[in-house]
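Me: Hi! I'm new to this structure and would like a friendly tour. Please start with any term I'll need.

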Amino acid sequence: MKLERELMRGAGPTAVLKLLSRRAMYGYELVEALAKQSDGVLAMGQSTLYPMLYNLEAKGLIEADWRDGDNGRQRKYYALTGKGKTKLKADEQAWAKLAEAMGSLGVLKGVSA
Amino acid sequence: MSSTFSKVRGWSWQHSPMLAMWRAARGFVRPNREAFALLEEAALPEPIHEVVRNTIVRTKLWRDEREQIARELIAHAQDAIDAGHEPGQIVSTFGDPRRVARLLRRSMKRKRPLSWQAYRFSRRVAGVLLLMLFVSYIAVVVRFYSSEPQIKTDFGAILDSRSDGFGEDQKSWTTLVECGVAWSKIEHLLAQEQAGRAMLQTDADDEEQDIGVAIFPYIEPDHPDYQAFEDAVRGFASYLDELRVAAQRPIIGLPVGYEPIMEKWEGRMFVTGVVPAGPDDYKRQSMIDIQLIYLGSLRRLSQVLIFDARLALVEGDTERACNDYIAVMGLARQARSEPYLFSELVGISIHDMVGVEIGRQLRKQDGLFDSDQLRRLAHTQARLAQLPIIEIEHERMNFRDALQRAYSDDGHGNGRLTPEGFEYYGLMTAPPDDFGPVTMSDAVTVDPRFRAATLPLSIVFSNSRGQEQAIHDSVMDQAQTVLDRGVQWISLMQDAELIAEQVRAEETPMRFSFAAMLTPAMQQVVANWFQYEQRVGAFSLMIAIEAYRQDHGQLPDTLSMLQPRYLPEIPLDLMDPARSIKYLVEGDRYVLYSVGSDGDDDDARAPEKPVDPYLGNQETSFDLRYPQARSPMTNKPIFESGGKPMLAEPTGPDGDWILIDTRAVPDSDAEAS
């Protein structure tokens with residue numbers, strides 16, 4: 001199941017920020033991680049991922065640099081900035097409250113107030 | 001510390017306008033060069049190569065941005081291939097290159113330097129403003145071209161009603177037109193014959209024309225042009241006979257709304273007459289134009305009569321000279337009786353002209369006219385002196401008529417300038433204002449399409465109908481107040497003149513103002529009126545004194561001896577309103593004078609600075625005698641409890657305003673100029 005565009009627009013950046021909070025990652029790695037860890041729900045192609053990354057970079061939430069990868073080729077690695085960490089923290093709290101609210105309404109099964 | 005400095009310096013460099021301009025400029029030259037080189041080097045499978053290439057081209061980004069995207073997309077594709085994905089699968093998950101390019105372009109632009117973001121923002125703001133301006137302009141254009149004036153009041157009919165009850169044989173306009181056209185032709189021929197001097201060339205420039213007006217009719221026999229003028233005036237004798245008869249008729253009586261007749265004569269276009277108006281003609285004509293056409297010739301025909309009087313006096317024919325003077329006064333009366341301020345001013349000027357001339361001839365020769373001639377002059381003068389003060393109501397009518405022809409009407413006295421109004425405005429600025437050769441103004445040629453496009457903007461910059469009316473009313477109300485209450489209120493006109501000056505100053509090629517164009521300089525008009533009133537009183541006294549001298553062989557000792565036989569009332573001194581004009585006898589000569597702006601009698605001693613005895617000047621102006629007291633705090637007029645202005649002490653120069661002085665016999669007519 002894939003999310004509708006509007007839901008993805010809200011959830012995607014937070015998911016990316018969360019992944020990058022663990023370690024710096026490159027584009028393909030992010031695509032794979034998102035698909036795998038969300039069981040395909042947050043799977044996104046290059047057309048969605050790279051514009052999202054550029055937007056986050058423009059906002060100063062992430063920063064990028066080219067490094068040599070394991071296979072010897074250069075890859076662009078994205079990492080969370082201080083501003084990005086703060087934003088992620090705020091997003092996590094917001095998502096928790098949202099989940100709680102949706103749970104209390106019975107929209108989210110297994111989550112209740 | 002140095003790290004922070006380095007970061008700041010790096011940030012500044014990345015966001016500097018210079019770098020942004022350089023990056024943008026590079027994009028114009030082979031924008032895909034680096035990106036394509038990377039693609040070639042990566043040797044991706046053909047389908048992936050094409051998708052990435054199309055995407056990069058469609059981003060339309062700067063050259064280095066395309067390179068960045070190319071590197072990232074290539075790396076992504078290579079990672080996917082390494083992970084075992086088929087090229088077809090990779091392409092299918094890539095999405096539509098057009099959409100991807102659009103998303104990449106948007107997001108990449110957000111990363112651009114602040115200077116570029118500021119430029120883009122200002123460009124958008126400018127675009128929005130331009131759009132708003134365009135929409136506003138369209139609204140103004142629609143508003144302008146959809147409005148039209150409505151002529152609701154037939155002011156022409158109202159003005160024409162003054163002729164009710166008068167037959168055609170009691171109107172002078174046909175004779176005036178006939179004589180005006182005939183003399184304009186003579187002048188034209190004279191000007192051609194005397195091209196070097198061009199004294200009477202009516203289409204000469206202003207300076208030449210002024211010289212002509214100044215010299216004629218006061219030209220002396222030793223002047224090189226005298227004989228030519230004498231021949232011309234003698235050849236005009238039959239017209240002068242007609243003119244003397246027409247000048248005694250009650251009114252001019254030309255109906256409102258004439259059409260000028262233009263014909264080719266002596267190689268150029270001439271205004272050779274007028275066609276009286278029908279009811280429809282009125283709608284096409286400005287009332288201002290209508291009456292101005294014969295005013296110039298009225299003044300010129302008066303000059304011809306005065307010159308003829310001089311010829312008559314040289315011949316000893318005092319009867320013809322007297323009749324010429326009476327005719328000139330008749331023309332002055334007719335001009336003053338017309339319901340137009342300009343016409344009244346021309347009448348005043350003609351009356352002044354003949355008064356000065358009679359005074360000059362009387363000084364040259366005692367006992368010039370016999371008792372009967374003096375009686376007739378006095379009678380004509382009295383008839384003229386009894387005319388009411390300048391009628392401003394007619395001027396108001398003229399202005400209301402101009403507005404109703406130019407502005408739309410919302411039914412509440414307001415409206416806006418219309419396309420017809422603009423045409424009308426232009427028409428009023430260049431009317432044929434005299435008989436004779438048609439003088440074409442040097443009109444500025446404007447592309448009609450440009451004019452049609454820019455004209456609607458005039459309603460943005462120009463006053464509304466209500467505002468125009470208010471400006472005109474305020475000036476006219478002040479003038480009416482001063483004319484009604486008396487000369488001591490003259491300084492109220494300062495406010496009115498300030499309003500008028502301000503409006504005139506604001507008139508621009510995009511800001512049309514009928515108030516600026518049509519509101520006369522009322523401060524000058526009102527002052528001129530009072531000066532004229534004073535001179536008319538002195539002129540009446542002079543004729544009465546001469547009549548008394550004819551009958552008694554000596555001058556009266558006092559002016560009261562003239563009453564009631566020679567003059568019903570002794571005119572008052574406007575500078576000393578409780579008393580009459582002053583009279584001083586020295587032997588067989590006398591002086592008529594006013595106490596002047598200093599307010600005290602100096603026994604007919606003029607101020608040290610020469611004062612024009614007839615026209616007055618700054619030293620004799622009324623606002624020096626009647627300055628209005630003003631609060632230094634508010635600069636507002638201070639009034640007494642009864643509503644009268646609190647007047648300051650007289651501040652004029654020491655001396656009197658000499659009105660008529662027969663002590664010095666003029667040996668030259670140069671003073672007249």
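This is a predicted model: local features need pLDDT of at least 70, side-chain atom pairs count only at pLDDT 80 or more; totals for chains, interfaces and linings use all residues.

Reply: Let's start with the labels: helices are DSSP runs of H or I with at least four residues, strands are runs of E with at least two, and both are numbered from the N terminus.

Me: Thanks! What is the phi of A:Asp39 about?

Reply: A:Asp39 has a phi of about 55 degrees, a positive value, even though it is not a glycine. Most residues other than glycine have a negative phi, and most peptide bonds are trans.

Me: Okay, on to the two chains. How many residues of chain B are in contact with chain A?

Reply: On the chain B side there are 24 residues in contact, and they meet 22 residues of chain A.

Me: And how much area do the chains bury between them?

Reply: Chain B and chain A bury about 2100 Å² between them, with 51% of that on carbon and sulfur atoms. Three residues stand out on the chain B side: B:Glu72, B:His76 and B:Asp79 supply 31% of the area that chain B buries against chain A, more than any other three residues.

Me: How many salt bridges are there between chain B and chain A?

Reply: The count is 5 salt bridges between chain B and chain A. One is between the side chains of A:Arg73 and B:Asp82, at 2.6 Å from N to O.

Me: Let's look inside chain B. At what angle does H10(B) pack against H12(B)?

Reply: Helix H10 (residues 173-193) and helix H12 (residues 226-235) of chain B pack at about 155 degrees, and their axes are 11 Å apart. Angles over 145 degrees count as roughly antiparallel, so H10(B) is roughly antiparallel to H12(B). Their crossing is right-handed.

Me: Which residues of H10(B) and H12(B) meet?

Reply: From H10(B) come B:Trp183, B:Ile186 and B:Leu190, which meet B:Ala228, B:Phe229, B:Ala232 and B:Val233 of H12(B). By class, the contact of H10(B) with H12(B) has 7 nonpolar residues, no polar ones and no charged ones.

Me: What about H10(B) and H13(B), how far apart are their axes?

Reply: The axes of H10(B) and helix H13 (residues 237-246) of chain B are 10 Å apart, at an angle of about 150 degrees. H10(B) and H13(B) are therefore roughly antiparallel as well, with a left-handed crossing. On H10(B) the contact involves B:Thr175, B:Leu176, B:Glu178, B:Cys179 and B:Ala182, while H13(B) brings B:Tyr239, B:Glu242, B:Leu243 and B:Ala246. Those residues divide into 6 nonpolar, 1 polar and 2 charged.

Me: Last stop: which helix holds B:Gln14?

Reply: B:Gln14 is in helix H1 (residues 2-14) of chain B. Leaving aside neighbours within four places in sequence, B:Gln14 is in contact with B:Leu19 and B:Pro113.

Terms used
Residues are numbered from 1 along each chain as its sequence is written. Chains are lettered from A and ligands numbered from 1 in the order in which they are written. Side-chain values use heavy atoms; hydrogens and water are left out. Contact means heavy atoms within 4.5 Å. Buried area is the accessible area (1.4 Å probe) that two parts lose on being put together, summed over both. A salt bridge is a side-chain nitrogen of Lys or Arg within 4 Å of a carboxyl oxygen of Asp or Glu. Axes are lines fitted to C-alpha atoms, for helices over the stretch in contact, and angles run from 0 to 180 degrees between N-to-C directions. Angles under 35 degrees count as roughly parallel, over 145 as roughly antiparallel, 65 to 115 as roughly perpendicular and the rest as oblique. A crossing is left-handed if the near helix is turned anticlockwise from the far one by less than a right angle, and right-handed if clockwise. Ala, Val, Leu, Ile, Met, Phe, Trp, Tyr, Cys and Pro count as nonpolar, Asp, Glu, Lys and Arg as charged, and the others, Gly among them, as polar.
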